[in-house]
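Here's a quick briefing to read with the model open beside you.

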Amino acid sequence: MTLLADAEPDDGLLDVAVLTPRTLRHWLALAWALVRGRRRVLRMQVYRGHEVSVISDRDQPRELDGDLIEPGATLRVTVQPAALLLCVPRPADDPDLSVDAAAAARRGAALVERTRHAR
């Protein structure tokens, strides 16, 4: 089931869905719309941005990448473009992913060297 169909992992934006069902009927309607793949869902607002702040009137349980962190009343999340370096095998049968693979390999090797010298 796709919750945020337009979300892209590499567009530099955070996609946030705010779900506000109040009754069992709301929950059922929301679940049914999501199962059916609807882009517009009642009781769900979607926001996009480079930074998201969530503020509560009391401490709430929080997670960071699936790990529990200290409860708090605020949470601020920002995007750091190009902060994650992924290494994947070069697919022989998909030229779209291997365009300029040699240059990408050189950039990766340079990053590794800079990291070694920074220590």
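## The hairpin and what sits around it

Let's start at one spot: Leu64 has Asp67, in strand 4, as its bridge partner. Keep in mind that this is a predicted model. Zooming out, the chain holds 2 helices and 4 strands, and from the N terminus the order reads β-α-β-β-β-α. Of its 119 residues, 11% are buried.

**Strands 3 and 4**

- Strand 3 covers residues 51–64 and strand 4 covers residues 67–78; the two run antiparallel and are joined by 9 bridges.
- Together they make a hairpin with 2 residues between the strands.
- Asp65 sits in that turn, and its phi is positive, at about 55°.
- Elsewhere along the pair, Val52 stands opposite Val77 of strand 4.

**Helix 1**

- Which residues of helix 1 are buried? They are Leu30, Ala33 and Leu34.
- These three cover an arc of only 100° around the axis, so they fall on the same side of helix 1.

**Loops worth a click**

- Arg43 belongs to the loop that links helix 1 (24–35) to strand 2.
- Arg43 isn't a glycine, yet its phi is positive, near 70°.
- Arg43 counts as partly exposed because its relative accessibility is 31%, and the range for that class lies between 20% and 50%.
- Is Ala82 buried or exposed? Ala82 is exposed, since its relative accessible area of 83% is over the 50% cut-off.
- Ala82 also pairs up with Gly12 in space: their C-alpha atoms are 8.5 Å apart, although 70 residues separate them in sequence.

- Arg48 is part of strand 2.
- How far apart are Arg48 and Leu14, C-alpha to C-alpha? The distance is 5.4 Å in space, against 34 residues in sequence.

**The second largest pocket**

- How much space lies in the second largest pocket? About 200 Å³.
- Its lining is made of 13 residues, and those nearest the centre are Leu3, Leu4, Ala5, Asp6 and Arg39.
- Strand 2 (residues 44–49) supplies the largest share of that lining, with 3 residues.
- Sorted by class, the lining of this pocket has 6 nonpolar, 5 charged and 2 polar residues.
- In general, empty space like this shows up when a probe the size of a water molecule is rolled over the atoms.

Note on methods: Residues numbered from 1 in each chain as written. Predicted model: local features only at pLDDT ≥ 70, side-chain atom pairs only at ≥ 80, totals over all residues. Heavy atoms only, no water. Pairing = 2+ DSSP bridges. 1 Å grid on protein atoms, 1.4 Å probe; cavity = no way out; pocket = protein on both sides within 12 Å on 5 of 7 lines; lining within 4 Å. Points joined across faces, edges and corners; volume = space filled by probe spheres on them. Nonpolar A, V, L, I, M, F, W, Y, C, P; charged D, E, K, R; others polar. Buried < 20%, exposed > 50% of the residue type's maximum accessible area, 1.4 Å probe, protein only. Arc of directions from axis to C-beta.
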